[in-house]
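Q: I'm new to this structure and would like to learn how to read it. Could you walk me through it, one feature at a time?

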Amino acid sequence: MLKAVILIGGPQKGTRFRPLSFEVPKPLFPVAGVPMLQHHIEACSKLPNMKEILLIGFYQPNEEINRFLSCAQQDFKISIRYLQEYAALGTGGGIYHFRDQILSGSPEAFFVMNADVCSEFPLPEMLDFQKEHGDAYSFVILGTTANRKQSLNYGCIVENEQTDEVLHYVEKPSTFVSDIINCGIYLFTPEIFQHIGTVFQKNQQDMLLEEQSNGWHRAEVIRLEQDIFTALAGQGKLYVYKTDRFWSQIKSAGSAIYASRLYLNQYHTTHPERLATNREGGPKTRGNVYIHPTANIDPTAVLGPNVSIGTGVTIGAGVRVRESIILHGATLQDHSCVLNSIVGWGSTIGKWARVEGTPSDPNPNDPYAKIDSETLFRDGKLTPSITILGCNVNIPSEVIILNSIVLPHKDLNRSFKNQIIL
Amino acid sequence: MKALILVGGYGTRLRPLTLTVPKPLVEFCNKPILLHQVEALVKAGVRHVILAVSYMSELLEREMRAQEQRLGIKISLSHEKEPLGTAGPLALARELLTDNEEPFFVLNSDVICDFPFDDMLRFHQQQGREGTIVVTKVEEPSKYGVVVYEGDTGRIHRFVEKPQVFVSNKINAGMYIFSPAMLRRIQLRPTSIEKEIFPVMAEEGHLYAMELQGFWMDIGQPKDFLTGMCMYLQSVRQQAPERLRSGPGFLGNVLVDPTAVIGENCTIGPNVTIGAGVVLEDGVRVKRCTVLKGAHIRSHSWLESCIVGWSSSVGQWVRMENVTVLGEDVIVNDELYINGANVLPHKSIADSVPEPRIIM
């Protein structure tokens, strides 16, 4: 029997996803038309022995999460529960805190995944790999290849080429260690908790020495990557399954558009019904486009490639949308042009207006390049990036909004370029 | 009567348009700049126009032959082989200008206004002196040469070139009328009329100023070309509104050549000139632009303050603004943003130009 744990973080995490994360918890942000988490859940539910999916995070229970959970339970007919941490306990601390819940029913193994990754989720392959490597208790990290320079931004894995054992693990090193990086998707057996427990005990002892009053809390903060993997490397317990299928982090809004592109492409095999086709009376589509059935789109509009249109969106005559996400209830008036942007819930874009961002896509000539997590500012100037309109933003006719971020509920009255508009 | 038009050389300030066509032949509101001036001169009784050029153009010669026929006048080209300044060309054309005692006009070729040639002749004859300069009131006189003169008589006292402090807000509008006797003052060598000739004439009481009523613009560079276009179209609105296009989809003053084709759901204007054979596809928005002959603007694009060169093609969903000038036969690909680009002829633009620059 199998389980899956998805680490969904909390409001203090994922700040690079602002202002979009002001409206909706990042794990529920729609990527390729469905909430980010749904891609994980779909992959898990395909495994025949998957009995339960647990979401661990420190969001307060809210309407969106509850609604998502009940819909997902109905759609996938599998138990899905949200376990709320009392504080941010780290990638290891969370699962350790809820170990009894995870182990109830005695699963032989369980997946642990970060919510903010976009992946093909080769879960069956990881299960097969685990059976063939090490003993019945070994753990598997999903790894992929990055280019040398970018590998420094991730957890780096040095492996034994013959046995696939993890010999050495360093999280975000400052000098080059390995071009195999940690994808944030793991397959553990119940024995992992012994190792986490050891670290927890040690932390407790350290806390006692320091006489801090919140010692218990700090002892419970455990990071899988720095505290567990680094220690387990070279002990014959940790293995890496390398994949060359698509994978990306989703840290910023720009990477949400890139992840959409990867998932939309995957729909050709997994969900062809989600891809819009050129049909009579419908808009012209180029490449992969997702259009929610409740969207209202003029037939002279041209959408795609890589466009997701949410529920109740209205798109007028002669509108062009490319490499963008249009969120629920937005309105794009006649002849407007939206490129490399995210248009927030309920926003309006006036006639002939142009909303344009700059993509930060990885170099297409480098098969191992990953999307950059650019800093917001460089040399004192805003780095050109995806344009984001928060919810209920009104863009007047005929203006241009270029490489800008507009916070929610703002009415603009002129053009803006390379600015954050509060 | 005669007129001398100082055409000058390569018209570099109006590049890239003047890389294809000599400046006098660039269409301003659907008529070559030169023709605005020549037709007004003919109406005032001029029968012989002399073009002072420093660069000979076959195209210009050919066009002038055609206009001679059409207007029934004589057009000569006076070609200075070395630079003669602003006065020298008059000396070069001395023979042509002095075959009778009538006064002659001299114009700067970049000037557009409601040409007051009849008034100038009358005023000059009344004064009975050697020279009359037309002056016009401007907002920023320190960019030009300022004229200081007596308000009631018009007698000019002095000139101040680009004054640092406010002296007067009247500037030399680039239009003169002279008596032939004045030519004895100019020798055939590089001479500045403002610095060497006028000050002497003013001192001798032979130079008078006539104030221009109505609009005036030096359209020698794209920004001013567009401003001048707005002024001219406003003047058309007042004097011959039937020339302008109106109706649904047209705002303000819009001049459209009858052979142009405009698609559905376009909004054109205010202040737009559309040349012969231009095609505007559906859903195009154009404001404060000149679109020259044969250009093609594809659907859903948005243009403001641009000059689109002859036979150029602007793609779909393009946004062009901020005095973008496309030379002849430029292609702008779909979905680009062009901000203040100056694009040389026969160029294809495949990437956005977010900040003003020149594209060679």
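A: Let's begin with salt bridges: a salt bridge is a side-chain nitrogen of Lys or Arg within 4 Å of a carboxyl oxygen of Asp or Glu. Keep in mind that this is a predicted model, where local features need pLDDT of at least 70 and side-chain atom pairs count only at pLDDT 80 or more, while totals for chains, interfaces and linings use all residues. Residues are numbered from 1 along each chain as its sequence is written, chains are lettered from A and ligands numbered from 1 in the order in which they are written, and side-chain values use heavy atoms, with hydrogens and water left out.

Q: Why are R67(A) and E63(A) separated by about one helical turn?

A: Helices (H or I, at least four residues) and strands (E, at least two) are DSSP runs, numbered from the N terminus. R67(A) and E63(A) are about one helical turn apart because they sit four residues from each other in helix α3 (residues 63–76) of chain A.

Q: How do I read the interface of chain A and chain B?

A: Start with contact, which means heavy atoms within 4.5 Å. Here 19 residues of chain A are in contact with 20 residues of chain B. Next comes buried area, the accessible area (1.4 Å probe) that two parts lose on being put together, summed over both. Between chain A and chain B that is about 1500 Å², with carbon and sulfur atoms giving 46%. W352(A), R354(A) and E398(A) supply 43% of the area that chain A buries against chain B, more than any other three residues.

Q: Which polar links cross the interface?

A: A polar contact is a pair of N or O atoms within 3.5 Å; within protein, one must be able to donate a hydrogen and the other to accept it, and residues adjacent in sequence count only if both atoms are side-chain atoms. The rule finds 14 residue pairs in polar contact across the interface of chain A and chain B, both residues at pLDDT 80 or more. It also finds five salt bridges there. R320(A) forms a salt bridge with E335(B), their closest N and O atoms being 2.4 Å apart. On the side of chain A that touches chain B, the elements giving two or more residues are β20 (320–322), β23 (337–339), β26 (354–356) and β31 (400–402) of chain A.

Q: And how do I read a pocket?

A: On a 1 Å grid over the protein atoms alone, a cavity is a set of points where a 1.4 Å probe fits but cannot get out, and a pocket is an open set with protein on both sides within 12 Å along at least five of seven lines; lining residues have an atom within 4 Å of a point. Grid points are joined across faces, edges and corners, and a volume is the space filled by probe spheres set on the points. The second largest pocket holds about 1100 Å³ of space. Its lining has 42 residues, and K13(A), T91(A), N114(A), D116(A) and K251(A) lie nearest its centre. β11(A) gives the largest share of that lining, four residues.
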